[in-house]
Amino acid sequence: MYRIVFACFLICVSSFWMLLADEAERRELPRGLPALSQSSDSPAQIELGKRLFNEKRLSADGSISCASCHDAKHHFATADAKAIGIRKQIGRRNAPSLMNRAFGKAFFWDGRVKSLEEQALLPIEDPTEMGNTVDNVLKTLSEDSSYVAQFNQAFGSKEITRERLAKALASFQRTLLMGNSPVDAFVDGDTSKLSESAKQGLWLFESKAQCWKCHSGKNYTDEQFHNNGVSWGIKPIDLGRYEITKLEKDKGKFKTPSLRGVAKTAPYFHDGSFSTLEDVVQFYSDGAKPNPYIDPIHKPIYLTDRERKDLVAFLKALSEEVKE
């Protein structure tokens, strides 16, 4: 009797530690990234989310998926200046990279929602993006036996709901992580991985160029909103964060993107109006674009040609991964 109880105890303990080990493996982060809060995402939910992310039937006419604007080959961003939706409609803003959005505190350029789950469903019902309804998507998926089976595996029952659709998409997006750059190796003490030009760029980033004031922390973004004047005065004017808060001080403010992988995500800014990193660095060197609501941190810093090249070299280093 006691042997049977003890054997059962050992089996339970073993299973518990295997679950912990599996969870730890899934939460292992690339070098240089901050810690992530524990997630309830399961492998089955992540796999379902990946399929849904590439599912064109989420759009009204079956022509585009999430991956159409957030292209894996382009670091889960778009190569177009602005997002292109169904019927080739051009959206208002650039589709930014989804990499490292697991660390996000606000989503979309104007920060209109606070979680990946909230973010996931809005493009489906945007008339210029997917032009569909969530209810119609749920009906479409429910008529596909393979999706019914996959939702059952991911959530423990066959119901396909709004909440489960959002959870699955968000679960996949939380796996899109990038770190382990030459910059991270340098910070860890391995100076051989970073070029001399990039080292100078890092010094400029943290001093004269003042990039750190917005692109702070291990994910190189303060997750806040700033007005740098990009697109100011161009009609129809895009007031950014102000459209959400209606606060005068938020006019022309947009969320600070992460700089990790930035060399792979051109064009830049919320309107996709800058084609190269060299253009972006020159823009900030000149003091951004003056307007009544410009962030006071933006003043001319007069970087030299050499300094601009070094800063670009640093940004490119943040977009590479160290080969061990």
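Predicted model: local features only at pLDDT ≥ 70, side-chain atom pairs only at ≥ 80, totals over all residues.

1. Start with helix α4 (residues 116–125) and helix α7 (residues 162–173), which pack with their axes 8 Å apart and at an angle of about 110 degrees. Angles of 65 to 115 degrees count as roughly perpendicular, so α4 is roughly perpendicular to α7. On the α4 side the contact includes Leu 116, Ala 120, Leu 121 and Ile 124, and these residues of α4 meet a set in α7 that includes Leu 165, Ala 166, Leu 169 and Ala 170. Sorted by class, the contact of α4 with α7 holds 8 nonpolar, 2 polar and 4 charged residues.

2. Gln 119 deserves a look of its own. This residue sits in helix α4 and has a relative accessible area of 11%; because buried means under 20%, Gln 119 is buried. Beyond its neighbours within four places in sequence, Gln 119 is in contact with Phe 107, Phe 108, Val 113 and Gln 173.

3. Next, the largest nonpolar core, which has 32 residues. Those touching the most other members are Leu 52, Phe 53, Leu 58, Ile 124, Leu 141, Leu 165 and Leu 169. At least two residues of this core come from each of α2 (43–53), α3 (66–69), α4, α5 (134–142), α6 (145–155) and α7, and α7 gives the most, with 5 residues. Another core, of 29 residues, lies apart from it and has Leu 194, Ala 209, Tyr 220 and Ile 301 among its members.

4. Which residues does Ile 124 touch, not counting those up to four places away in sequence? They are Leu 58, Met 130, Gly 131, Asn 132, Thr 133, Val 134, Val 137 and Leu 165.

5. Helix α12 (residues 305–317) passes a simple length check: at 1.5 Å a residue its 13 residues should span 18 Å, and the end C-alpha atoms are 19 Å apart, which agrees. Its buried residues include Leu 311, Val 312, Phe 314 and Leu 315, as well as the charged Glu 307, Arg 308 and Asp 310. The buried residues of α12 pack against α8 (182–187), α9 (196–205) and α11 (277–285).

6. Finally, Leu 194 lies in the loop between α8 and α9, and at 4% relative accessibility Leu 194 counts as buried. Its contacts beyond four places in sequence are Pro 182, Val 183, Phe 186, Lys 199 and Ala 317. Leu 194 and Ser 181 are 13 residues apart in sequence, with their C-alpha atoms 9.0 Å apart in space.

Definitions and conventions
Residues numbered from 1 in each chain as written. Heavy atoms only, no water. Axes fitted to C-alpha atoms, helices over the stretch in contact; angles between N-to-C directions. Helix = DSSP H or I, 4+ residues; strand = E, 2+ residues; numbered from the N terminus. Parallel < 35°, antiparallel > 145°, perpendicular 65-115°, else oblique. Contact = heavy atoms within 4.5 Å. Buried < 20%, exposed > 50% of the residue type's maximum accessible area, 1.4 Å probe, protein only. Core = buried A, V, L, I, M, F, W, Y, C linked by side-chain atoms within 4.5 Å. Expected span 1.5 Å × (residues − 1).
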